Amino acid sequence: PVAIFWFRRDLRLPDNAGLYHALKGGTPVLPLFIFDTDILDKLPDTHDPRVQFIHDTITELARSLQQAGSGLLVKKGQPRAVFADLMQNLKIAAVYTNHDYEPYAEQRDTEIRNLLAAENISFHTFKDQVIFEKNEVVKPDGKPYTVFTPYKKRWFLTLNNFYVQSYPTEQYFKNLVGTAPFPLPTLAEIGFKPTSIRFPGKIAPEAIIKTYDQTRDYPAQSGTSRLSLHLRFGTISIRETVRLAQRLNSTWLNELIWRDFYHMILYHFPQVAIQAFKPAYNHIPWRNNEDEFAHWCAGTTGYPLVDAGMRELNATGFMHNRVRMVVASFLCKHLLIDWRWGEAYFAGKLLDYDLAANNGGWQWAAGSGCDAAPYFRVFNPSAQIQKFDRQKLYVQHWVPEWESSNYNKPLVNHELARKRAINTYKEALATF
Ligand code: FAD
């Protein structure tokens, strides 16, 4: 018999909680990755760089497993069908995996658990992606926090060394199934094409993190870690990352706590994936002008910082956090377009796209989220340039024509749009 370890958003061998428990379980461990067609079939196009990132990463994983005398079994299909097939062909004692808190994943895992249970195969799942999950950091009355600052306070009170210790998987590699390498499907066989987008490295840039509190808000500088893609797919460990933050910079640690916070919110309030966290905000009469939305997507709104951000996103799959806030606010407030349109556009483009963080960011910008910006705070995209891109380096890089007569006229007038947004929100919220 074998125990299967199923990789999902934890694509690494070192410090992997579920893999560690599988290896310690005593039954030889067969590592598995599934290209989940329920997810892949929904992707907007076959050039999606994230699929290449996954493919590159599992190729590397397979190589590392080969060095340990083992292999990575890679399948493509609906996870339920893949497991049903494996159950026919292998004697499976148990399946191990790490928690995934997204509503789709929760449902998928329940189905797999039931399928396995029907054959008396146990399904063991572990926390790996966050420091604290589910009910580990809750209010004294057991209810989840919905405001960040008290959550953070309790997060620190709950923290001790145990939670940030690494799982020494490498000590147990001898418990991997001994096998010749399995053939890996090519990217084309998965149905995807290569991308020209370059992925950020996974080595934490210590010099940047050390000065993060001073540099994080300036999009023209390399002032943030660019680790989001790696945290998203688990190519680096959150425990190791938090230890680094503890050593180097408390402001950076704060961002990692926001990450835990939004995962906790999604777990407790899965409805945020489709609705406003604050129900009254479901009644805002969005204008949803499709032509204006197309301008926003293409980076041709006539507001240089908004356009720079959208062009950076379209070209690289990344956007600086400060600019994410500005473009999101612009869409919801200046254009009065439903935040879910923007959320979906980001979901299709961001390399680091993560339902919990993206939804948290969008609902924050729309004012509809837990602990969100108040609705009457409307970013002024021009003033944001003065504050955060004073020398116009970022804007100049992405919108070189911004000072010329070729540049688009502003899609809306800032002052009028600001007033329109505040009035629209005020009226809608007063009614509900
Ligand atoms: P750093 O500033 O170096 O931060 C370190 C890590 O902390 C990040 O890699 C990320 O994992 C985490 N983090 C930082 N800020 C946040 C935050 N506000 N919420 C949750 N985690 C955070 N982040 C995503 O990872 N995926 C998304 O899909 C996403 N969508 C966003 C949408 C909007 C509208 C906004 C305003 C923010 C969004 N963010 C998202 C949060 C943030 O913008 C990115 O995490 C950050 O820009 C990534 O760059 P970095 O790795 O250099 O981050």
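Tutor: Four helices each supply at least two residues of the shell around the ligand: α11, α13 (250-268), α16 (321-334) and α18 (355-366). The model is a predicted one. Among these helices, α18 gives the most to the shell, with 6 residues. There are 28 residues around the ligand, and those that come nearest are Thr224, Ser225, Ser228, Asn358 and Gly361. By class, the shell has 13 nonpolar, 7 polar and 8 charged residues.

The shell also draws on two domains, with at least three residues from each of domain 2 (130-165 + 206-268) and domain 3 (273-431). Even so, 7 residues of domain 1 are in contact with 6 residues of domain 3. On the domain 1 side, helix α3 (residues 49-67) provides the largest share, 3 residues. That side has 5 nonpolar, no polar and 2 charged residues.

An α-helix has 3.6 residues a turn, so residues three or four places apart point the same way. The length of α3 can be checked as well: at 1.5 Å a residue its 19 residues should span 27 Å, and its end C-alpha atoms are 27 Å apart, which agrees. After α3 comes Gly69, with a positive phi near 80 degrees.

As for the whole, the protein has 21 helices and 5 strands. Its radius of gyration is 23 Å, close to the 22 Å that the globule rule gives for 432 residues, so the protein is as compact as a globular protein of that length. The C-alpha trace spans about 70 × 50 × 40 Å along its principal axes. Of the 432 residues, 42% count as buried. Among contacts with a separation of 6 or more, 77% are between residues 24 or more positions apart.

Conventions
Residues are numbered from 1 along each chain as its sequence is written. This is a predicted model: local features need pLDDT of at least 70, side-chain atom pairs count only at pLDDT 80 or more; totals for chains, interfaces and linings use all residues. Two residues are in contact if their C-beta atoms, placed from the backbone, lie within 7 Å. Ala, Val, Leu, Ile, Met, Phe, Trp, Tyr, Cys and Pro count as nonpolar, Asp, Glu, Lys and Arg as charged, and the others, Gly among them, as polar. The radius of gyration is taken over C-alpha atoms; the globule rule is 2.2 Å times the number of residues to the power 0.38. A residue is buried if 20 or more other C-beta atoms lie within 10 Å of its own, exposed if 12 or fewer, and partly exposed in between; C-beta atoms are placed from the backbone. The expected span of a helix is 1.5 Å times one less than its number of residues. A residue is near a molecule or strand if its C-beta atom, placed from the backbone, lies within 6 Å of it. Domain bounds come from an automatic or database domain assignment.
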